[in-house]
Amino acid sequence: MLNRMLSRVTSEHADDAREAQEPEASRIALTWSGEPGRQEELTHGMLLDQAERAAAVLRRLGVRAGDRVAVHLPLVPESVIATLACGRLDAIRATLPVSLTVPELVARTRESSARVLITADAAFWDGAVRPVKPLLDHALARSAAADGAMDRTVLVVNRCSRPVSWKPGRDMWWHEALGVPSAAH
């Protein structure tokens with residue numbers, strides 16, 4: 001619904017909207033400070049572009065209005081982008097905090113019934129690199145063993161450039177799917 005309202009306003013006032021948005025497009029919308037020495041800034045234009053790309057990827061993966069997308073990310077820019085992408089599709093973002101244990105992730109992924117999950121390879125917190133995707137992998141394996149395999153896609157955000165287990169046909173790199181350079185150094 002939000003997406004339809006934005007489209008209507010934009011189409012009704014296209015020239016005025018373009019003139020008003022162009023100065024905003026270059027203004028910083030999001031500043032993120034993460035692990036020591038790492039900072040990212042996204043302008044309004046960059047943020048909206050990546051949200052549209054993410055929405056297009058989710059749409060290609062079969063996400064429609066009312067569907068759930070499970071987001072298992074630390075506090076990184078891609079979490080905001082995933083939220084905006086879900087809003088563009090009228091999809092429901094189901095948050096899976098990275099602090100959950102494997103049994104908690106099993107329960108939450110079951111409850112969400114999301115066919116698309118977004119996670120990170122790993123994350124920095126408390127001064128150390130912590131696994132993120134491996135916990136989700138264990139939870140999905142346990143869930144499949146108990147309930148049978150559900151057809152899912154896992155989009156993986158490359159945050160720490162760590163070796164990560166990969167399930168071909170299920171796992172996809174976020175940056176490759178969106179066609180944007182990887183944010184990881």
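The questions and answers below concern the charged side chains of a predicted model.

Local features need pLDDT of at least 70 and side-chain atom pairs count only at pLDDT 80 or more, while totals for chains, interfaces and linings use all residues. Residues are numbered from 1 along each chain as its sequence is written, and side-chain values use heavy atoms, with hydrogens and water left out.

Reader: How many salt bridges does a search of the whole structure find?
Author: A salt bridge is a side-chain nitrogen of Lys or Arg within 4 Å of a carboxyl oxygen of Asp or Glu. Side chains of opposite charge can pair when their charged atoms come close. For the whole structure, the search gives nine.

Reader: Are Asp137 and Lys133 buried or exposed?
Author: These two side chains form a salt bridge, 2.8 Å from N to O. They lie four residues apart in helix 6 (residues 133–147), so about one helical turn separates them. Helices are DSSP runs of H or I, at least four residues, numbered from the N terminus. Buried means under 20% relative accessible area, exposed over 50%, and partly exposed in between (1.4 Å probe, protein chains only); Asp137 and Lys133 are both buried.

Reader: What is the relative accessible area of Asp171?
Author: Asp171 pairs with Arg170 in a salt bridge whose closest N and O atoms are 2.6 Å apart. Arg170 counts as buried because its relative accessibility is 12%. Asp171 is also buried, and its relative accessible area is 6%.

How values were computed:
Helices (H or I, at least four residues) and strands (E, at least two) are DSSP runs, numbered from the N terminus.
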